[in-house]
Amino acid sequence: MKILKTMTLAAVLSIAGVVNAQVEQSYTLTLEGAKKVMKAATDYAKANNSPGGAIAITDEGGHVILLERLTGTFPAASEVSIGKARTAATFTFESKKLEDAIIGGRTSLITVGHNMLRGGIPLKYKGQVVGAIGVSGAASADQDVEIAKAGAAAKFD
């Protein structure tokens, strides 16, 4: 009888292990988290005299959570910032990596359909991409990156 109970327990644990292997825990960027990222980015932009800039925060699927266009920013910057954030979220690395690859000769990447311009940075929590920030329309492409990095440096509680 004791052997039967042990074998039953082993079978149940074995099945539970299989079920657990088919899903994993994930984290979701909340509106409050996105606001924290946005504040860090806009504070950096203002402190460094950015003439403008559109800042988009997306979830891990590239869907917009927050968008802010600073005064003085050209209208198209909003769409570009969303594209940069979406690229960083779905590729799970900085959009600059793709821009560099194109400049390096891998021009076929242009056909992929994502925004390959630098200024998109994934947002990570416990090693997992939970979203991204994209910036466009600051003083330069380098300042777009600086603002995005400032936002991505925000710490989640």
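Before going on, a word about the model. It is predicted, so local features need a pLDDT of at least 70 and side-chain atom pairs count only at pLDDT 80 or more, while totals for chains, interfaces and linings use all residues. Residues are numbered from 1 along each chain as its sequence is written, and side-chain values use heavy atoms, leaving out hydrogens and water.

Now for the overall plan. The protein chain has five helices and four strands, and from the N terminus they run α-α-β-β-α-α-β-β-α. Helices (H or I, at least four residues) and strands (E, at least two) are DSSP runs, numbered from the N terminus. Of the 157 residues, 39% count as buried. Among contacts (heavy atoms within 4.5 Å) with a separation of 6 or more, 64% are between residues 24 or more positions apart.

The strands make an open sheet in the order β2-β1-β4-β3, with antiparallel pairing. β2 and β3 stand at the edges, each with a single partner strand, so one side of each has no neighbour in the sheet. Two strands count as paired if DSSP finds at least two bridges between them. Strands of a sheet pair through backbone hydrogen bonds, either parallel or antiparallel.

Let us walk across the sheet. Five bridges join β1 to β2, and Ala54 stands opposite Arg69 in β2. These two strands form a hairpin with four residues between them, and Gly62 in the turn has a positive phi of about 85 degrees. On to β4: six bridges link β1 and β4 in the antiparallel sense, and the bridge partner of Asp59 in β4 is Gly131. β3 and β4 are likewise antiparallel, over six bridges, with Lys124 facing Val129 of β4 as its bridge partner.

Two helices lie across these strands. α3 lies across β1, β2, β3 and β4, running at about 155 degrees to β4. α5 lies across β1, β3 and β4, at about 145 degrees to β4. For such angles, axes are lines fitted to C-alpha atoms (for helices, over the stretch in contact), and values run from 0 to 180 degrees between N-to-C directions.

How far apart are the end C-alpha atoms of α3? They are 23 Å apart, which agrees with the 22 Å that its 16 residues (76-91) should span at 1.5 Å a residue. The expected span is 1.5 Å times one less than the number of residues in the helix. The buried residues of α3, including Ser81, Ile82, Ala85 and Ala88, pack against β1, β2, α4, β3, β4 and α5. After α3 comes Thr92, with a positive phi near 65 degrees.

The buried residues of α5, among them Asp144, Ile147 and Ala148, pack against α2, β1, α3, β3 and β4. Ile147 also belongs to the largest nonpolar core, which has 19 residues; together with Ile55, Ile57, Leu123 and Ile133, Ile147 touches the most other members. A nonpolar core is a set of buried Ala, Val, Leu, Ile, Met, Phe, Trp, Tyr and Cys residues joined through side-chain atoms within 4.5 Å. α2, β1, β3, β4 and α5 each supply at least two residues of this core, and α2 gives the most, with five. A second, separate core of six residues includes Ile82, Ala85, Ala88 and Ala132.

Ser136 lies in strand β4 and counts as buried because its relative accessibility is 5%. Setting aside neighbours within four places in sequence, the contacts of Ser136 include Ala54, Ala77, Ser81 and Asp144. Leu31, in helix α2, counts as partly exposed because its relative accessibility is 42%. Not counting residues up to four places away in sequence, Leu31 touches Ile65 and Leu66.

Definitions and conventions: Buried means under 20% relative accessible area, exposed over 50%, partly exposed in between (1.4 Å probe, protein chains only).
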